[in-house]
Amino acid sequence: MKVLFSYLNRQFGTDKSTLNGKWHYTDRIFTALHDFVKTGDFTLGKKLQEFEEKFARFIGVQHAIGVNSGTDALILSLKALGIGHGDEVITSAETFIATAGAIAAVGARPVFVDVNDEFEIDAEKIESAITPKTKAIIPVWFTGNAPQMDTIVETAKKHDLPLIEDSCCAIDASYKGKKAGAWGITGTFSFHPLKNLNVWSDGGIVTTHSDDIAKKVRLLRNHGLVSRDEVELCGINSRLDTLQAVVALQMFDDVSDLTNKRIEIAKQYDDAFCRIPSINIPPRHPDVRHVFHLYMIRVQKRDELLQYCTENGVEAKVHYPIPLPYQKCFTSCGYKKGDFLATEQDNASIISLPCHAYLTDEEVGYVIEVVTKFYA
Ligand SMILES: *Cc1c(COP(=O)(O)O)cnc(C)c1O
């Protein structure tokens, strides 16, 4: 049996086997696009506005502003806050490069903080990373799990620092009933093909309660134009294509169902793997809705398991093998081995197993069987 990490072939491609094609979207999307292209309403169109309004309501914020990517959502959030050269921004040492890359892209310096046992920024360690140059904190909802938002909000308030949430991979996640993207001055989301809500290439969105920030991000994504002829501030072209909003709208109402299925599968994995002493499952909390963008665990003999999975047709991955602060691109930040011990240990022991709404019961059972056999 082959169990793939990606579900794109089942969502859009030739494999309509899962649930008799219930969550196969290609035909529906093409029908919607057929009507859409005839309108010629391509740039900042009505369908984009409809999607933004729906998205804002779903997250529970006043505004959602569609942009080119999750990375741009982060960059424009930083720019809207006036963050740039000479500034420092605190973020997690264990995340996708885009989080820290966005900070560098506006000319600021990423200041990394080590993680807790849930792959999330260690809220207790944030305060000691704050300097007079710190201008914002970016907690990451890494893997679709919640960072300790209440503690982080408190620290941010105490030091009068804005929070930008990197909730790029955490649509529909929540902590204590409040959704990812509704905690910070902004939340940022990605619609990359491998995210829980995806489009047909790149896309992203910024969420915010603030009228002022919403106005700035709207300007920044569209050259700073207040009218056809007047430019209020220097922006870029980072509009979410209306065409991609049409794609997203076709799947949007299913997001919670698709997510629930992921959560169910993760629970099956947890129940099976908690009996294997060589596997360490991060703590789970009843007040966190972890949406399992990644089902990531710590294991002994990781590289051997990875190889065994590959040999047996289970496509597993490592997110990520090299600690972000030690990447070549951050050499000038001056970090060295030993600075982020928890992240280093994770990078050597984590593995991500296929976990998505399109897996069949047989496939989930097979993944469990392969991993269990390896440690038997
Ligand atoms: C995917 C992702 C991003 C970047 O989103 P893009 O749309 O690919 O630019 C940023 N941060 C995290 C944590 C992500 O998972």
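Modeller: This is a predicted model, in which local features need pLDDT of at least 70, side-chain atom pairs count only at pLDDT 80 or more, and totals for chains, interfaces and linings use all residues. Residues are numbered from 1 along each chain as its sequence is written, and side-chain values use heavy atoms, with hydrogens and water left out.

Biologist: How far from an oxygen atom of the ligand does a polar side-chain atom of Thr-71 lie?

Modeller: Thr-71 is among the residues that come nearest to the ligand, where near means a heavy atom within 4 Å. For Ser-190, a polar side-chain atom lies 2.6 Å from a ligand oxygen. For Thr-71, the corresponding distance is 2.5 Å.

Biologist: How do the residues of the shell around the ligand divide into nonpolar, polar and charged?

Modeller: Ala, Val, Leu, Ile, Met, Phe, Trp, Tyr, Cys and Pro count as nonpolar, Asp, Glu, Lys and Arg as charged, and the others, Gly among them, as polar. By this scheme the shell holds five nonpolar, seven polar and two charged residues.

Biologist: Is Asp-160, with its positive phi, buried or exposed?

Modeller: Most residues other than glycine have a negative phi. Asp-160 is not a glycine, yet its phi is about 55°. Buried means under 20% relative accessible area, exposed over 50%, and partly exposed in between (1.4 Å probe, protein chains only). At 71%, Asp-160 is exposed.

Biologist: Which peptide bond is cis?

Modeller: Most peptide bonds are trans. Here, an omega near 10° marks a cis bond, the one from His-319 to Tyr-320.

Key. Polar contact = N/O pair within 3.5 Å; in protein donor to acceptor, adjacent residues only side chain to side chain.
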